[in-house]
Amino acid sequence: MTAPAVSVLTIEHLDFQPTCDARDGKKACEAPSDFSVTVHGHVLAYKNGTQVKEGDMTCHFCSDHLAAFNEFARKRLPSRCRGCTRVFTRLSDIILHVVAL
Ligand SMILES: [Zn+2]
Ligand SMILES: [Zn+2]
């Protein structure tokens with residue numbers, strides 16, 4: 001019996017699946033991530049004391065934690081970013097992009 005080569009290639013193509021970045025308290029979620037999520041955030045760069053550089057961060061979440069993060073962010077609206085003091089009134093200003101893995 002010969003396995004069809006195409007299915008092997010398909011499986012190998014999907015082998016990049018980082019685990020979920022979420023944490024419950026100190027315990028990291030060990031579920032494989034289902035989504036790559038780009039959120040408003042800051043890459044901290046300290047220069048002469050304090051300086052914050054705006055940038056977008058990419059996180060990986062399992063579907064449960066993406067739902068939890070959505071809910072968490074939505075409940076806090078409007079919210080002020082501590083990095084740039086921008087005020088966000090829409091969820092789509094905070095969660096910029098979601099890609100299913
Ligand atoms: Zn998770
Ligand atoms: Zn900000």
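**Exercise 1.** Work out whether Cys59 is buried or exposed, then find out which cysteine sulfur is nearest to that of Cys59.

*Solution.* Start with accessibility: Cys59 has a relative accessible area of 16%, so Cys59 is buried (buried is under 20% relative accessible area, exposed over 50%, partly exposed in between, with a 1.4 Å probe and protein chains only). Before going on, a word on the ground rules: this is a predicted model, where local features need pLDDT of at least 70 and side-chain atom pairs count only at pLDDT 80 or more, while totals for chains, interfaces and linings use all residues. Residues are numbered from 1 along each chain as its sequence is written, chains are lettered from A and ligands numbered from 1 in the order in which they are written, and side-chain values use heavy atoms, leaving out hydrogens and water.

Next, look for disulfides, meaning pairs of cysteine sulfur atoms within 2.5 Å. The structure has zero of them. For Cys59, the nearest cysteine sulfur belongs to Cys20, 9.5 Å away.

**Exercise 2.** Say which residues coordinate the zinc ion (ligand 1) and what arrangement the four donor atoms make.

*Solution.* First, collect the donors, which are N, O and S atoms within 2.8 Å of the metal (3.2 Å for Na, K and Ca); water is not among the atoms, so sites may look incomplete. You get the SG atoms of Cys20, Cys29 and Cys62 plus ND1 of His65, at 2.0 to 2.3 Å. Along the sequence, their spacing reads C-x8-C-x32-C-x2-H.

Second, check the angles. They run from 100 to 119 degrees, so the arrangement is tetrahedral (for four donors, that takes all angles between 85 and 135 degrees).

Third, check burial: Cys62 and His65 are both buried, with Cys62 at 7% relative accessibility.

**Exercise 3.** Find the helix that holds Glu71 and decide how accessible Glu71 is.

*Solution.* Glu71 sits in helix α2, residues 63–75; helices are DSSP runs (H or I, at least four residues) and strands too (E, at least two), numbered from the N terminus. Now the accessibility: at 39%, Glu71 counts as partly exposed. To finish, jump 20 residues along the chain to Leu91: its C-alpha atom is 9.6 Å from that of Glu71.

Conventions:
Tetrahedral: all angles 85-135°; square planar, octahedral: opposite > 155°, others 65-115°.
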